[in-house]
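Me: Please take a close look at one part of this model for me. I would like the surroundings of the ligand, and then the strands that go with them.

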Amino acid sequence: MKQRGFEVVTAYAGQGIALPQRKTAASAGYDLAAAADTVLSPGRVTLVPTGLKAYMQPGEVLCISIRSSMALRQSLLLANGIGVIDADYYGNEQNEGHIQVAVLNLGTSPLTVHKGERLAQGIFSHYLVTDDDAAGGIRKGGFGSTGRG
Ligand SMILES: O=c1ccn([C@H]2C[C@H](O)[C@@H](COP(=O)(O)OP(=O)(O)OP(=O)(O)O)O2)c(=O)[nH]1
Ligand SMILES: [Mg+2]
């Protein structure tokens, strides 16, 4: 039975997008690569496409972090600190669940992340809910789809 994993979103099908892998036996993170060459302007937040969506079980989440080598060598940060990829983001009606990495270039010059370059990593884990949790509803997208209030 399929439990959790990555798939290529339709918009990037046939473009040679590799599915994320862990690089050593005990690495926690599945490395996420850019799906297209993307210029990161200094001082700006840029969404880097991965061309991927992630499916997982209810009660699971995929947390995205920057690869520390990108932070140390290239002065890059995730604008959101940690990216939270919800289980119900997968297959959503707006963008099919396309995972994008929000990168802040803290350097002083533009930097290009090339297609296939691994810049972030995703770690699957379980989350807990409160006693009075009553969440329902269906996710329609990401990046503010549930509103501001
Ligand atoms: O770095 C990220 C962070 C989020 N997402 C997608 C997956 C996630 O499930 C969705 C919503 O993210 P989050 O809940 O962090 O943002 P929000 O501002 O609360 O948006 P929403 O109202 O859509 O939940 O956006 C990404 O692709 N990359
Ligand atoms: Mg949210």
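How do the residues of the shell around ligand 1 divide into nonpolar, polar and charged?

Reply: The shell around ligand 1 divides into 8 nonpolar, 8 polar and 1 charged residue. Here Ala, Val, Leu, Ile, Met, Phe, Trp, Tyr, Cys and Pro count as nonpolar; Asp, Glu, Lys and Arg are charged; the others, Gly among them, are polar. This is a predicted model, in which local features need pLDDT of at least 70, side-chain atom pairs count only at pLDDT 80 or more, and totals for chains, interfaces and linings use all residues. Residues are numbered from 1 along each chain as its sequence is written, while chains are lettered from A and ligands numbered from 1 in the order in which they are written.

In total, 17 residues surround ligand 1. A residue is near if its C-beta atom, placed from the backbone, lies within 6 Å of the molecule. The closest are Gly 83, Tyr 89, Gly 142, Ser 145 and Thr 146. Two elements give two or more residues each: β8 (83-86) and β9 (100-105). Strands are DSSP runs of E, at least two residues, numbered from the N terminus. β8 gives the most, with 4 residues.

Now follow β9. It belongs to an open sheet of 3 strands, ordered β4-β9-β7, with antiparallel pairing. Two strands pair if DSSP finds at least two bridges between them. β4 (45-49) and β7 (76-78) are the edges; each has a single partner strand, so one side of each lacks a neighbour in the sheet. Between β7 and β9 there are 3 bridges. One of the pairs is Leu 78 with Val 103 in β9.
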